[in-house]
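Work through these exercises with the structure open beside you. Try each task before you read its solution.

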Amino acid sequence: MNRPKRLLVANLAWAHETVARNPGFFRDLTRGQNPHVLWIGCSDSRVPAETITHCEPGDLFVHRNVANLFDPDDDNSASVLEYAVRVLKVGHVIVCGHYGCGGVRAALLPPDPGLPHVNRRIAPLCALANTHREALDARASEHERVDRLAELNVLEQVRQLRANPIVRQAEPAPLIHGWVFALDDGRIKVVTSGYEADDAMTCTTAVHSVA
Ligand SMILES: [Zn+2]
């Protein structure tokens, strides 16, 4: 049996099992979606959003690309954010990177002439690596440099999302969270929580109103 055929057989099994567990499951799906989370993750096959968070169809609105990058000038990224925030009114946007990310590693290596699209796409990541060159070079191994840049990358995407007009103009604005998934134990590290950012913003507002 070829691979696509195997996937189709698995799909049949999944549909049967799902309806056996919950007879109303697919009827509910046809009524529309109401996800509370926009997930921006890496395309890496080892980091499937729903699987690693035990989510079901309907739980996550998902955008995945190489190295979980959010580019406000790219209609692909921006349209996902726009729809998630303005139509679905998600309360949370989670940027989830992962350790051992090939896209992040590529940003630390000379450009591969055979991958022009990837090179263009990760250009901002290369710039971020240059900004943090000294701190990254201080890391003992390539592996550690890649993992640190994966964290810095998530923080940078979070910063861009928090500054984005679509997010800022939303009422209420969704909280933006930065996570990194570890391939070696399957756990997620929170590098920045939307709740902390919210607290920080509240404190800043309070200081301003006192002043
Ligand atoms: Zn990756």
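**Exercise 1.** How many residues does the largest nonpolar core have, and which have the most contacts inside it?

*Solution.* Remember that this is a predicted model.
- Step 1. Count the members: the largest nonpolar core has 40 residues.
- Step 2. Pick out those with the most contacts inside it: Leu38, Trp39, Ile94, Val95, Val104 and Leu125.
- Step 3. Find the largest share. Helix α9 supplies it, with seven residues.

**Exercise 2.** Where does UniProt place the feature "binding site"? Why do these residues gather at one spot?

*Solution.* 
- Step 1. Read the record. The unreviewed UniProt entry puts the feature at Cys42, Asp44, His98 and Cys101.
- Step 2. Compare sequence with space. The four span 60 residues in sequence, yet no two of their C-alpha atoms are more than 8.9 Å apart, so they gather at one spot.

**Exercise 3.** Is aspartate 44 buried or partly exposed? Is histidine 98 buried or exposed?

*Solution.* 
- Step 1. Recall the cut-off: a residue is buried if 20 or more other C-beta atoms lie within 10 Å of its own.
- Step 2. Locate aspartate 44. It is in the loop between β1 (37-42) and α3 (49-52).
- Step 3. Apply the count. Aspartate 44 has 19 C-beta neighbours inside 10 Å, so it counts as partly exposed.
- Step 4. Locate histidine 98. It belongs to strand β3 (residues 92-98).
- Step 5. Count again. Histidine 98 has 26 C-beta neighbours inside 10 Å, so it counts as buried.
- Step 6. Check contacts, leaving out residues up to four places away in sequence. Aspartate 44 touches His98, Cys101 and Gly102. Histidine 98 touches Cys42, Asp44, Val47, Ala150, Val180, Phe181 and Leu183.

**Exercise 4.** How many helices and strands does the chain have?

*Solution.* 
- Step 1. Count the elements: eleven helices and five strands.
- Step 2. Buried residues make up 27% of the 211 residues in the chain.

Conventions. Residues numbered from 1 in each chain as written. Predicted model: local features only at pLDDT ≥ 70, side-chain atom pairs only at ≥ 80, totals over all residues. UniProt positions renumbered as here; feature names shortened; annotations may be inferred. Helix = DSSP H or I, 4+ residues; strand = E, 2+ residues; numbered from the N terminus. Buried ≥ 20, exposed ≤ 12 C-beta atoms within 10 Å, placed from the backbone. Contact = placed C-beta atoms within 7 Å. Core = buried A, V, L, I, M, F, W, Y, C linked by C-beta atoms within 7 Å.
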